[in-house]
Amino acid sequence: TVTAAVVANTAMDFAGNGNAASTSTDNSVTFVSDSTPPVITPNVVGTLGNNGWYVGDVSVSWTVSDPESAVTSQTGCDPQSVTTDTVSTTFTCSATSAGGSDSQPVTIKRDATKPIVVSGTPDRAPDAAGWYNAPVTVSFAGSDATSGIAACTSPTYSGPDGANTSVSGTCTDNAGNTSSPV
């Protein structure tokens, strides 16, 4: 909020001599006050995956403005980049004007690495002599160092019959990256 005021002054001695208030600039002072701090807006550019995770490089920049008075100082408002996986990196831009100080934090979570499928486990033991004679479900498990595993597939194999058959599965991490099929 901008407050502007004009203060008129008069000067008079004890004998009554002096000048009366007038509209001339010789007899008035104008001042403007700023009662709000700067407006800080973060600009985040990157590919957003799931659950607030970015799945590639991220750039952070800031727009700092104050329509009422000049911004007199800024700290931490330089452009930043996040190019490696991280569970949490916080950048904070702080600025000051005649209206006060404010700060704006931005937290970036980045996971651009696909999870790894560690194992596939059948839901039951073979029926006879190491063979399955009915459909079998294979539950896959994986690992992810940054955002963790959200889900792995559990496909059911029901044929064709034969030796050396296989089932493929994948895992997806909490950022939305999916592993290569195993």
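Which residue forms a salt bridge with aspartate 85, and how many Å apart are the closest N and O atoms? The partner is arginine 110, and the closest N and O atoms of this salt bridge are 2.7 Å apart. Good morning, colleagues. Please keep in mind throughout that the structure before you is a predicted model.

Let me begin with the charged side chains. Side chains of opposite charge can pair when their charged atoms come close. A search of the whole structure gives three salt bridges. In the pair already named, aspartate 85 sits in the loop between E9 and E10, while arginine 110 belongs to strand E11, 25 residues apart. Arginine 110 also meets the side chain of aspartate 57, at 2.9 Å from N to O.

Is arginine 110 buried or exposed? Its relative accessible area is 8%, under the 20% limit, so arginine 110 counts as buried. Aspartate 57 is partly exposed, with a value of 48%, and aspartate 85 is partly exposed as well, with 26%.

There is also a salt bridge between the side chains of arginine 124 and aspartate 127, again with 2.9 Å from N to O. Arginine 124 is partly exposed at 27% relative accessibility, and aspartate 127 is partly exposed at 36%.

I turn now to the disulfides. A disulfide is a covalent bond between the sulfur atoms of two cysteines. The whole structure contains two of them, and with bonded cysteines counted along the chain, their pattern is 1-2, 3-4.

Cysteine 77 is joined to cysteine 93, with the sulfur atoms 2.0 Å apart. This link connects distant parts of the chain: cysteine 77 lies in the loop between strand E8 (71-75) and strand E9 (80-82), and cysteine 93 in strand E10 (residues 86-97), 16 residues apart. The torsion about their S-S bond is about 85°, so the disulfide is right-handed. Both cysteine 77 and cysteine 93 are buried.

The other disulfide joins cysteine 152 and cysteine 171, with 2.1 Å from S to S. Here cysteine 152 comes from strand E14 (residues 149-152) and cysteine 171 from strand E16 (residues 171-173), 19 residues apart. This link is right-handed too, with 105° about the S-S bond. Cysteine 152 is partly exposed at 22%, whereas cysteine 171 is buried at 0%.

Next, a sheet. Strands of a sheet pair through backbone hydrogen bonds, either parallel or antiparallel. The open sheet shown here has three strands in the order E12-E13-E15, with antiparallel pairing. Strand E12 (116-122) and strand E15 (156-157) are at its edges with a single partner strand each, so one side of each has no neighbour in the sheet. Between E12 and strand E13 (residues 136-143) there are six bridges, and proline 122 has valine 138 in E13 as its bridge partner.

Which strand gives the most residues to the lining of the largest pocket? The answer is E13, with three residues. This pocket holds about 440 Å³ of space. Its lining has 21 residues, and Tyr132, Val136, Tyr157, Gly162 and Thr165 lie nearest the centre. By type, the lining comprises eleven nonpolar residues, nine polar and one charged. Thank you for your attention.

Methods. Residues numbered from 1 in each chain as written. Predicted model: local features only at pLDDT ≥ 70, side-chain atom pairs only at ≥ 80, totals over all residues. Heavy atoms only, no water. Pairing = 2+ DSSP bridges. Helix = DSSP H or I, 4+ residues; strand = E, 2+ residues; numbered from the N terminus. Disulfide = S-S within 2.5 Å. Buried < 20%, exposed > 50% of the residue type's maximum accessible area, 1.4 Å probe, protein only. 1 Å grid on protein atoms, 1.4 Å probe; cavity = no way out; pocket = protein on both sides within 12 Å on 5 of 7 lines; lining within 4 Å. Points joined across faces, edges and corners; volume = space filled by probe spheres on them. Nonpolar A, V, L, I, M, F, W, Y, C, P; charged D, E, K, R; others polar. Salt bridge = Lys/Arg side-chain N within 4 Å of Asp/Glu carboxyl O.
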